[in-house]
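Please keep the structure open beside the text as you read.

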Amino acid sequence: MKIVVTGGLGFIGSHTVVELQNSGFEVVIIDNLSNASIKVLENIISITNQAPTFIKLDLKDKAKVQDFFRAHQDIKGVIHFAASKAVGESVENPLMYYENNINTLVYVLQELNKLEHSNFIFSSSCTVYGQADTMPITENAPIKPAESPYGNTKKIGENIIEDICKVTPDFKAIALRYFNPIGAHKSAKIGELPIGVPQNLVPYITQTGQGIREELSVFGNDYPTEDGTCIRDYIHVVDLAKAHVVALQRLLNDNNETNFEVFNLGTGTGSSVLQVIKSFERVSNKKLNYKIVDRRKGDVISAYADTTKANTVLGWTAESSLDDAMKSAWNWQQKL
Ligand code: UFG
């Protein structure tokens with residue numbers, strides 16, 4: 001079965017390609033290499049011993065997207081990762097984010113909608129919940145106004161897909177709301193490749209452990225949490241990747257209850273920034289240099305998932321612990 005993975009050389013995309021191939025799918029990767037290296041393709045092949053088809057294509061080019069889908073009428077589904085994802089950059093350059101994340105989504109959906117099999121998996125984010133009123137966060141929690149253009153593209157993206165599903169019974173989609181993906185494949189052949197100074201906690205920690213960065217800044221220790229630092233739900237990227245395969249199979253087997261479904265993907269456990277640092281220190285046997293600084297603008301205090309729906313309806317559960325994920329992130333950093 002031929003599956004298209006857009007952004008398939010990125011962090012979550014590459015791990016999902018590996019899991020799809022391990023499950024017997026034929027994978028076609030589309031990536032414009034704007035935030036990924038072509039070397040990732042070789043590394044995927046060396047893990048799975050199977051070569052996915054790779055097409056360098058910028059989804060902003062509507063005519064090329066049309067050509068692609070015309071040439072691949074036998075596609076059974078699309079997993080759509082391709083998007084820009086830096087929150088701060090999106091505040092600086094909103095139009096770029098709306099073009100990269102919304103125009104491209106519309107072009108892909110327009111073409112997929114013409115095919116016989118319209119099965120679509122969308123990369124969404126827990127950012128749609130903002131600071132949720134209660135923890136853990138269920139899929140029924142209210143959607144809050146987005147804090148950034150990036151967050152808004154995830155919210156609007158879900159709305160666009162839902163609107164199509166309402167009027168097109170044959171169109172089936174699942175939006176997966178990720179909490180905080182971290183870690184790397186156990187082979188340490190693929191992982192997160194931040195460009196420049198990492199914005200996210202875990203790559204910043206591992207680069208500091210490696211001596212690439214001098215010191216981690218912990219953004220605030222005066223939050224109303226047990227140790228004063230923010231709480232997140234850190235999920236191993238391989239667990240996350242496996243959830244995409246399960247979601248896709250749900251659509252392919254017509255097991256979906258409605259033609260637009262939403263699932264939280266997290267572990268269900270919240271960890272504070274200091275707990276993540278301690279986990280790093282445990283698995284690496286290193287002391288991490290860090291200092292407490294002011295809060296970062298836009299951070300929510302706490303966000304962790306109620307995973308009941310993913311566990312019971314999707315039949316998927318995250319298996320790795322925080323230490324497992326941190327260990328894999330550290331192995332990957334050392335390999336780099
Ligand atoms: N943090 C630090 N120091 C750093 C980096 C992060 O203390 O150098 C803290 C943050 O303040 C936060 C936690 O570590 O409390 C996690 O921060 P990340 O940047 O790793 O992750 P976020 O939860 O802020 O961001 C994630 C996704 C975004 C998404 C956002 C929405 O990476 O794509 O959730 O909630 F928009």
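## About the model

This is a predicted model, in which local features need pLDDT of at least 70 and side-chain atom pairs count only at pLDDT 80 or more, while totals for chains, interfaces and linings use all residues. Residues are numbered from 1 along each chain as its sequence is written, and side-chain values use heavy atoms, with hydrogens and water left out.

Helices (H or I, at least four residues) and strands (E, at least two) are DSSP runs, numbered from the N terminus. Buried stands for under 20% relative accessible area, exposed for over 50%, and partly exposed for what lies in between (1.4 Å probe, protein chains only).

## Helix α11

Let us start with α11, which covers residues 322–335. The expected span of a helix is 1.5 Å times one less than its number of residues. For the 14 residues of α11 that gives 20 Å, and the end C-alpha atoms are 20 Å apart, so the two values agree.

The buried residues of α11 are Leu-322, Ala-325, Met-326, Ser-328, Ala-329, Trp-330, Trp-332 and Gln-333. Their cover includes the strands β7 (180–182), β10 (234–236) and β12 (271–272), together with the helices α7 (201–210) and α9 (273–284).

Asp-31 sits in strand β2 (residues 26–31).

Backbone nitrogens do come up to the Asp-31 side chain: that of Leu-33 lies 2.8 Å from one of its polar atoms, and that of Leu-9 lies 3.0 Å from one. Contact means heavy atoms within 4.5 Å; leaving aside residues up to four places away in sequence, Asp-31 touches Gly-7, Gly-8, Leu-9, Gly-10, Ala-36, Phe-54, Ile-55, Lys-56 and Leu-57.

## Around the ligand

There are 17 residues around the ligand, and Leu-201, Ser-217, Arg-232, Arg-296 and Asp-299 come nearest. A residue counts as near a molecule or strand if one of its heavy atoms lies within 4 Å of it. A polar side-chain atom of Asp-299 lies 2.5 Å from an oxygen atom of the ligand. For Tyr-150, a polar side-chain atom lies 3.4 Å from a ligand oxygen, and for Gln-199 a backbone N or O atom lies 3.5 Å from one.

Asp-299 also forms a salt bridge with Arg-296, with 3.1 Å between the closest N and O atoms. Asp-299 is partly exposed at 21% relative accessibility, and Arg-296 is partly exposed at 36%. Arg-232 joins Arg-296 and Asp-299 in a network of salt bridges.

## Salt bridges elsewhere

The count of salt bridges comes to 16. One of them pairs Lys-2 with Asp-74 at 3.2 Å, N to O. Lys-2 belongs to strand β1 (residues 2–6) and Asp-74 to the loop between α3 (62–71) and β4 (75–80), so this pair ties together parts that are 72 residues apart in sequence. Lys-2 is buried at 13% relative accessibility, whereas Asp-74 is partly exposed at 39%.

Another links Arg-70 and Asp-67, whose closest N and O atoms are 3.4 Å apart. These two are 3 residues apart in helix α3, which puts about one helical turn between them. Arg-70 is exposed at 52%, and Asp-67 is partly exposed at 44%.

## Backbone details

Most residues other than glycine have a negative phi, and most peptide bonds are trans. Where does this chain depart from that? The peptide bond from Met-135 to Pro-136 is cis, with omega near -10°, and Pro-136 lies in the loop between β5 (118–125) and α6 (149–167).

Ala-188 has a positive phi, near 60°. Ala-188 is in the loop between β7 and α7 and is buried, with a relative accessible area of 8%. Asn-285 also has a positive phi, near 55°; its place is the loop between α9 and β13 (290–293), and Asn-285 is exposed at 72%.

Methods
A polar contact is a pair of N or O atoms within 3.5 Å; within protein, one must be able to donate a hydrogen and the other to accept it, and residues adjacent in sequence count only if both atoms are side-chain atoms. A salt bridge is a side-chain nitrogen of Lys or Arg within 4 Å of a carboxyl oxygen of Asp or Glu.
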